[in-house]
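Dear colleague,

Please find the structure below, handed over for your further work. The findings follow directly after it.

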Amino acid sequence: MRLSRIIMAFTVGLAVAAVPTAAGAAQPQPPVYPPTNPTLTVSPPTIRLGGTFTIRGEGFLAGAVQINVAISGNPNAAPAQGSVRSDGSTVAMTAVAYQQPQPAPTAFAVTADDDGEFTITYKPTRTGRHTFTATQADRVDSATGIVLPARPDRPGRPGGGNLPVTGDSLGTPLKLGGGLAGAGAVLVLLSLAWRRRGRFGIGSR
């Protein structure tokens, strides 16, 4: 009888000890994310002004990612106010009015998908070194792209050549036209003189 009481008490004790363990196991556990290193890439690494970067991010969490852009290097060169001819004289250039494009943003947010990835395009409006930094909580990575000045148009190339007209470009047609006009005037005078000589019998035998 005493042995059965001892066994019953031991069984009850095990049951009481197991209750907190089962209750703790029933509590929801926070998700455990595997440690990953975020990566940010910019392609192509070098473009000319007017081109577009493609920015890709991996290893982030699903949700918003902050992108900051730091620009260093020389700004766009100002348009020339004049050009020098081969003889040393200067030809004034008239400034052409045009509308400046809106500057590209230097801070914006993107959304990573469920795999922690995103892909966006970015069109710079300034030359120089562009450093893109993606930040999400403690996940940070940076990548760099270079923006070179736009390639200048070459005269005579199809589709290009929006260059100002200078005096030299008009000089040759004007000279040619003046020469033709002078030759025509000489021919008219000679024709009138020949008719006059024929009318008065000058030179006839």
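Val147 counts as buried because its relative accessibility is 3%, and the cut-off for that class is under 20%. The coordinates come from a predicted model, which applies to everything reported here. Val147 lies in strand 10, which spans residues 139–148.

The surroundings of Val147 are drawn from several parts of the chain. Leaving aside residues up to four places away in sequence, Val147 is in contact with Ile47, Arg48, Leu49 and Phe53, and also with Pro124, Arg126, Thr127, Gly128 and His130.

Is Pro105 buried, exposed or partly exposed? With 44% relative accessibility, Pro105 counts as partly exposed, since that class lies between the limits of 20% and 50%. Its contacts, again without residues up to four places away in sequence, are Val69 and Tyr122. Pro124, already mentioned as a contact of Val147, is 19 residues from Pro105 along the chain, and their C-alpha atoms are separated by 8.6 Å.

Glu58, Asp113, Asp114, Asp115 and Glu117 together form a negative surface patch. Asp115, one of its members, sits in the loop that links strand 7 (107–112) to strand 8 (118–122). Asp115 counts as exposed because its relative accessibility of 60% is over the 50% limit.

- Secondary structure: the protein has two helices and 10 strands. In order from the N terminus, the elements read α-β-β-β-β-β-β-β-β-β-β-α.
- Burial: of the 205 residues in the protein, 16% are buried; Val147 is one of the residues that count as buried.
- Contacts: among contacts with a separation of 6 or more, 63% are between residues 24 or more positions apart.
- Surface: the accessible surface amounts to about 15,700 Å², and carbon and sulfur atoms account for 61% of that area.

With kind regards

Conventions: Residues are numbered from 1 along each chain as its sequence is written. This is a predicted model: local features need pLDDT of at least 70, side-chain atom pairs count only at pLDDT 80 or more; totals for chains, interfaces and linings use all residues. Side-chain values use heavy atoms; hydrogens and water are left out. Helices (H or I, at least four residues) and strands (E, at least two) are DSSP runs, numbered from the N terminus. Buried means under 20% relative accessible area, exposed over 50%, partly exposed in between (1.4 Å probe, protein chains only). Contact means heavy atoms within 4.5 Å. Accessible areas come from the Shrake-Rupley method with a 1.4 Å probe; for residues, only the protein chains shown count as cover. Patches are made of residues with over 30% relative accessible area and no salt bridge: like charges are joined within 9 Å, nonpolar side chains (Val, Leu, Ile, Met, Phe, Trp, Tyr) within 5 Å. A salt bridge is a side-chain nitrogen of Lys or Arg within 4 Å of a carboxyl oxygen of Asp or Glu. Lys and Arg count as positive and Asp and Glu as negative; His and the chain ends are not counted. The place of a charge is taken as NZ of Lys, CZ of Arg, CG of Asp or CD of Glu.
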